[in-house]
Amino acid sequence: MPTASLRALQLAQLQQMLALQDARVPAYRERFARAGLTPGDLRSLDDLRAFPFTRKDDLRAHYPLGLCAAPRPDLRRIHASSGTSGKPTVVAYDRHDLNVFAEVVARSLHAAGARPGMTFHNAYGYGLFTGGLGTHAGAERLGLCTVPVSGGGTERQLDLLLDLQPEVIACTPSYALVLAEGLERRGVLPGDLALRYAVLGAEPWAEKTRRAVQERLGVRATNIYGLSEIIGPGVSNEDVREQSGSYVWEDHFYPEIVDPQTGEPLPDGEWGVLILSSMTRTALPLVRYWTGDITRLLPGPNGTGRTLRRMDAVRGRSDDLIILRGVNVYPAQLEDALLRLGQTSPHYHVTLTRTGLLDELTLQLEVPAPAVSAAALAAEVERQVKEQVGVTIRCQPCEPGSLPRSEGGKLRRVTDLRQQR
Ligand code: DLL
């Protein structure tokens with residue numbers, strides 16, 4: 001679609017969404033009134049910046065379904081976030097929303113290389129998490145034969161990969177590494193598998209991990225991004241031919257990037273917090289949802305002819321931000337710094353401690369057995385981080401296999417012990 005038509009479509013859809021919220025969701029109606037706004041005030045896409053953000057706390061304040069725009073009997077599915085901090089967030093879908101969900105996931109899988117008739121090993125968790133069922137429905141929409149293995153049970157996963165020979169796998173990037181390790185333990189070579197494409201997401205990951213997964217599983221890996229509040233997986237996906245930035249399905253989700261501190265919109269190309277409006281949802285339309293994810297929109301032409309904007313890999317969450325002696329550090333920046341040092345395995349863990357008034361960051365890193373000198377490598381990592389990120393850290397080399405692995409779900413890479421004695 002030509003860009004001008006896409007912008008016109010987005011404006012019309014945003015207007016419809018605001019009207020729906022105003023008519024059906026008392027909390028939104030009150031909020032618009034408080035801000036002195038009516039849906040009619042959105043006359044151009046730029047006017048959207050006058051509308052207040054929706055935050056996770058708003059969903060919590062109206063728990064469970066207070067922001068829902070559809071009557072209860074119209075709902076067809078509920079998902080929930082894991083709720084590691086506070087109450088879980090509950091999200092609802094009606095028939096129309098499930099249709100949108102399947103459509104955007106089908107597009108994502110297609111962009112990732114999947115084609116009708118292929119077999120699809122779906123190792124995202126099934127259940128309240130949107131990863132499993134969301135990806136499942138999109139795969140069926142595209143015409144894949146889905147193996148709904150869900151997360152965990154690594155030995156059984158390995159058996160199924162060998163017995164059913166799927167061409168496509170979807171899981172978290174950290175779990176892809178666990179599967180690769182398991183296959184290597186069994187002496188399986190990438191050539192023994194039919195796998196060609198991996199669709200990895202649900203947690204931040206770096207190029208280094210992409211290279212490791214591609215080499216060890218014999219696949220091309222693309223990044224799938226999404227979040228329950230907006231739909232689940234399938235807000236954006238890279239194209240397997242380029243692997244450089246995920247196309248946002250902008251006819252359903254309207255992206256903005258804002259300054260994490262001031263909330264002011266930033267131009268394409270600048271890093272900030274991703275804000276998404278779910279323009280076509282009818283059960284849970286959210287206006288300007290503050291994802292907390294740090295990324296940027298990639299301007300300029302791309303190699304596929306799409307007019308959609310791409311988003312860069314998510315660097316971290318604005319709430320993951322580590323402030324270390326005044327310097328802002330995202331775990332993914334540390335991972336980027338490791339990139340330059342081909343010798344280490346992609347397994348690392350960050351621990352923050354406090355001695356007196358001084359915060360310290362320890363980066364534990366698995367060093368493959370025949371590495372040069374672990375001490376020299378650690379010193380080099382410390383030097384790279386100092387140079388690229390601007391902070392002094394301590395790097396601790398560890399035995400291969402000693403750091404926590406994904407058990408199928410999202411992997412926590414940071415342990416913050418600063419508030420503890
Ligand atoms: O993680 C949806 C999903 C499932 C996406 C499977 C991709 C694959 P939530 O549990 O609501 O939904 O978590 C959403 O996970 O705000 C990001 O912080 C993070 N996240 C998701 N995809 C990526 C990605 C699913 N590709 C939160 N890169 C989001 C980095 C990601 N972070």
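Author: This is a predicted model, in which local features need pLDDT of at least 70, side-chain atom pairs count only at pLDDT 80 or more, and totals for chains, interfaces and linings use all residues. Residues are numbered from 1 along each chain as its sequence is written, and side-chain values use heavy atoms, with hydrogens and water left out.

Reader: What share of the 421 residues of the chain count as buried?

Author: Buried means under 20% relative accessible area, with a 1.4 Å probe and protein chains only. By that cut-off, 55% of the 421 residues are buried.

Reader: How do you know whether the radius of gyration agrees with a compact globule?

Author: The rule, taken over C-alpha atoms, is 2.2 Å times the number of residues to the power 0.38. For 421 residues a compact globule would have a radius near 22 Å, and the chain has 22 Å, so the two agree.

Reader: What makes a space count as a cavity?

Author: On a 1 Å grid over the protein atoms alone, a cavity is a set of points where a 1.4 Å probe fits but cannot get out.

Reader: Which residues line the largest cavity?

Author: Lining residues have an atom within 4 Å of a point; among them are Leu59, His62, Gly66 and Leu284. By class, the lining has nine nonpolar, two polar and no charged residues.

Conventions
On a 1 Å grid over the protein atoms alone, a cavity is a set of points where a 1.4 Å probe fits but cannot get out, and a pocket is an open set with protein on both sides within 12 Å along at least five of seven lines; lining residues have an atom within 4 Å of a point. Ala, Val, Leu, Ile, Met, Phe, Trp, Tyr, Cys and Pro count as nonpolar, Asp, Glu, Lys and Arg as charged, and the others, Gly among them, as polar. Buried means under 20% relative accessible area, exposed over 50%, partly exposed in between (1.4 Å probe, protein chains only).
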